[in-house]
Amino acid sequence: MNDVDIKTREYTTVTEVSGPLMVVQGVEGAAYNEIVEIETPSGENRTGQVLEVQNDIAVVQVFEGTSNLNTESTKVRFTGETAKIGLSTDMLGRIFNGIGKPIDGGPDIIPDVELDVNGSPMNPAARQFPAEFIQTGISTIDGMNTLVRGQKLPIFSGSGLPHNELAAQIARQAKVLAEDSEFAVIFGAMGITHEEANFFMNEFEQTGALERVTVFMNLADDPAIERIMTPKMALTTAEYLAFEKGMHVLVILTDITNYCEALREISSARNEVPGRRGYPGYMYTDLAGMYERAGRIRGKDGSITQMPILVMPQDDITHPIPDLTGYITEGQVVLGRDLDRTGIYPPVDVLPSLSRLMSGGIGDGRTREDHSGVSDQLYAAYAEGRDLRDLTAVVGEEALTDRDRKFLRFADEFEDKFIRQSKDEDRGIEETLDLGWKLLSILPTTELKRVKDEHVEKYLPTGEEETEE
């Protein structure tokens, strides 16, 4: 009887409504993260979550916003449950809002299981090291900053750069080579505009990729508090498909900056002491709780790979959001504004980009035995070519040696042929590596110090330099 009483307790003792928060007094037995049902004065139903409990006072965050709520006739019912989502494989090919309700006109999901959206921490001792190569079809990622199964590899972008197009292309093209197991994509969008939402929906529907994609979409005019739930919904769905159904899941989350802005808004409403640039001091912990839900578990077939996308405010890579993300994740793919200005897509700047787990996912039996050497050699030659560009701006091209001119030409060709590709171009890893060798043939063979001699003999095209000239 006592359990029933607790689950159905209802209060009309709302004492304060501030921003997305509501304060309820005289509450008994409220728990952190508990879900509450709210009835507005007009009879509308909303959902909230307990954010803080102190003595008999509960602070509740309202997912649908606090407009039209008052302190006189608003009813709050504490359910005794945490936030859960009903899950089924029928979710593939469906589009949901930020709190898991269908918005594609289809029927409600009949769940096989209900899981807590906060998830359970993955036991570090049970983690399996990420190793298998995931092919995205994009040369700068596959060849230079390889994504491996179970990794978290964020994309650092800037305002106005084509990160949405890149995300849609990766969602469409990503695949695990030589595998019979099913591959799925979970796409979580936070705080995106209606225009961006329409772009993603059309992109997935027209290309047929929607069949294996589950979309959670929180729009810019949706309540900020809903933004906090969206990645949890997406990752809980990913955990179900990966560890219950044995699927390999790629989770794309965009835009992490909007998520962190929502965190800051709620922190401000709670009158918390701000940290760096006004963001809450617990933002690192919060982001880590999200990113660390990627990985592989020993004895389970499935895996979760994450590609969070964040727009760096003022292109500042030292801003708290990219800074903390860089600490937690295993590298980053950085989009460059200079490349974008010259019309190159995707404008991936390979010099500040990095994949820390790349070495475990490439090589003989995974990609090709020459992959590591080609990647290192391309990186070194491009870095030297970029330095020579700066030098040329000062001394002029006439002052350069013949060797320098070849590196300068290599940098131009690398950007035009290797980095640049069309938005529907899906390059295989063999094609990417062969293209790398073709570009390396511009340089004197004596300069190829980072690739093995036997690989030079096997893969370097002969006579390429003369035909290019």
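Trainee: What is the relative accessibility of D315?
Mentor: First, the ground rules: residues are numbered from 1 along each chain as its sequence is written, and this is a predicted model in which local features need pLDDT of at least 70, side-chain atom pairs count only at pLDDT 80 or more, and totals for chains, interfaces and linings use all residues. Side-chain values use heavy atoms, with hydrogens and water left out. Buried means under 20% relative accessible area, exposed means over 50%, and partly exposed is in between (1.4 Å probe, protein chains only). D315 counts as partly exposed because its relative accessibility is 34%.

Trainee: Which residue meets D315 in a salt bridge?
Mentor: We call it a salt bridge when a side-chain nitrogen of Lys or Arg is within 4 Å of a carboxyl oxygen of Asp or Glu. For D315 the N to O distance is 2.5 Å, and the partner is R337.

Trainee: How many residues apart in sequence are the parts that this pair ties together?
Mentor: Helices (H or I, at least four residues) and strands (E, at least two) are DSSP runs, numbered from the N terminus. D315 is in the loop between β20 (303-311) and α8, while R337 is in helix α9 (residues 337-341), so the parts they tie together are apart in sequence by 22 residues.

Trainee: How many residues apart in sequence are the parts tied together by E330 and K152?
Mentor: These two side chains meet in a salt bridge at 2.6 Å, N to O. E330 is in the loop between α8 (320-328) and β21 (331-334) and K152 in the loop between β13 (147-148) and β14 (155-157), so the gap in sequence is 178 residues. As for burial, both E330 and K152 are buried. To come back to your number, the parts are apart by 178 residues.

Trainee: Which helix holds E203, the partner of R172?
Mentor: R172 and E203 form a salt bridge whose closest N and O atoms are 2.2 Å apart. The pair links distant parts of the chain, 31 residues apart: R172 is in helix α3 (residues 163-173), and E203 is in helix α4.

Trainee: How many aromatic pairs does a search of the whole structure find, and why is F200 with F204 called stacked?
Mentor: Rings of Phe, Tyr and Trp (its six-membered ring) pair if their centres lie within 6.5 Å; planes under 30 degrees apart count as stacked, over 60 as edge-to-face and the rest as tilted. The search finds ten pairs. F200 and F204 have ring centres 6.3 Å apart and planes at 25°, so this pair is stacked.

Trainee: Which helix holds both F200 and F204?
Mentor: Both are buried. They sit four residues apart, about one turn of the helix, in α4 (residues 194-207).

Trainee: Which helix holds Y459, the partner of W437?
Mentor: W437 and Y459 are stacked too, at 6.1 Å centre to centre and 20° between the planes. They are 22 residues apart, with W437 in helix α13 (residues 429-440) and Y459 in helix α14 (residues 453-459). Both are buried, and the helix you asked for is α14.

Trainee: How far does α13 reach from its first C-alpha to its last?
Mentor: The expected span is 1.5 Å times one less than the number of residues. α13 has twelve residues, and its reach is close to the expected 16 Å. The value is 17 Å.
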